[in-house]
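We will go through the model stop by stop, and each stop tells you what to pick next.

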Amino acid sequence: MNQLINDTINSFNEYVKIIPGGTLEISKFLREENLPLALQSIKDFTEGVIWLTDVKEALGKSGVEVELELESIHDFLIEINEGLEIQDFILVADIFEYEISTFFKDVAEIQTVC
């Protein structure tokens with residue numbers, strides 16, 4: 001069981017490390033008005049956030065503490081949705097570049113269990 005937990009922790013940590021780069025790519029796609037690629041990347045990001053949420057919950061049930069503020073992520077998703085609804089792609093690009101990227105750079109790595 002510890003091996004499965006450690007593998008999950010490692011996957012979580014690796015994914016969190018690549019998110020800031022991905023958010024910068026989304027921002028770039030939006031600024032370049034490459035909307036099909038930007039929107040697909042936003043969908044992928046949202047699915048990734050759902051996965052992180054599920055992993056946090058599962059690890060918590062196993063006694064592993066995960067420092068990830070789900071309320072902040074939820075707030076970001078609301079802001080993104082509102083920006084997309086009004087087609088303010090620069091606002092959405094700014095959210096990804098300046099808020100979400102920074103948020104995920106500051107997520108603490110989870111330590112593996114013995």
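A word on pockets before the first selection: on a 1 Å grid over the protein atoms alone, a pocket is an open set of points where a 1.4 Å probe fits, with protein on both sides within 12 Å along at least five of seven lines, and lining residues have an atom within 4 Å of a point. This is a predicted model, where local features need pLDDT of at least 70 and side-chain atom pairs count only at pLDDT 80 or more, while totals for chains, interfaces and linings use all residues. Residues are numbered from 1 along each chain as its sequence is written, and side-chain values use heavy atoms, with hydrogens and water left out.

**Stop 1: the largest pocket**

Select Tyr15, Ile18, Ile19, Gly22, Thr23, Glu25, Ile26, Phe29, Ser41, Asp44 and Phe45, which line the largest pocket. Two elements each give two or more residues to this lining: helix 1 (2–31) and helix 2 (35–61). Helices here are DSSP runs (H or I, at least four residues) and strands are runs of E (at least two), numbered from the N terminus. Helix 1 supplies the largest share of the lining, eight residues. The space inside is about 200 Å³, where the volume is the space filled by probe spheres set on the grid points, which are joined across faces, edges and corners.

Now colour the lining by class: six residues are nonpolar, three polar and two charged. In this scheme Ala, Val, Leu, Ile, Met, Phe, Trp, Tyr, Cys and Pro count as nonpolar, Asp, Glu, Lys and Arg as charged, and the others, Gly among them, as polar.

**Stop 2**

Is Thr23 buried or exposed? Thr23 is buried because its relative accessible area is 0%; buried means under 20%, exposed over 50%, and partly exposed in between (1.4 Å probe, protein chains only). Beyond neighbours within four places in sequence, Thr23 is in contact with Phe45, Phe96, Ile100 and Ser101, contact meaning heavy atoms within 4.5 Å.

Follow that list to Ser101, in helix 4. Ser101 has 1% relative accessibility, so Ser101 counts as buried.

**Stop 3: helix 2 against helix 4**

Show helix 2 and helix 4 (residues 89–105), whose axes come within 13 Å and cross at roughly 35°. Axes are lines fitted to C-alpha atoms, for helices over the stretch in contact, and angles run from 0 to 180 degrees between N-to-C directions. Which residues meet here? Leu35, Ile42, Phe45 and Leu52 in helix 2 meet Phe89, Val92, Phe96, Ile100 and Phe104 in helix 4. By class, this contact has nine nonpolar, no polar and no charged residues.

**Stop 4: two loop residues**

Select Glu33, in the loop between helix 1 and helix 2. Glu33 has a positive phi of about 60° although it is not a glycine, and Glu33 is exposed because its relative accessible area is 67%. Next pick Gln87, in the loop between helix 3 (70–85) and helix 4. Gln87 has a positive phi of about 55°, again without being a glycine, and counts as exposed because its relative accessibility is 58%.

**Last stop: zoom out**

Show the whole protein, with four helices and zero strands. Its C-alpha atoms fill a box of roughly 45 × 20 × 20 Å along the principal axes, and buried residues make up 35% of the 114 residues.
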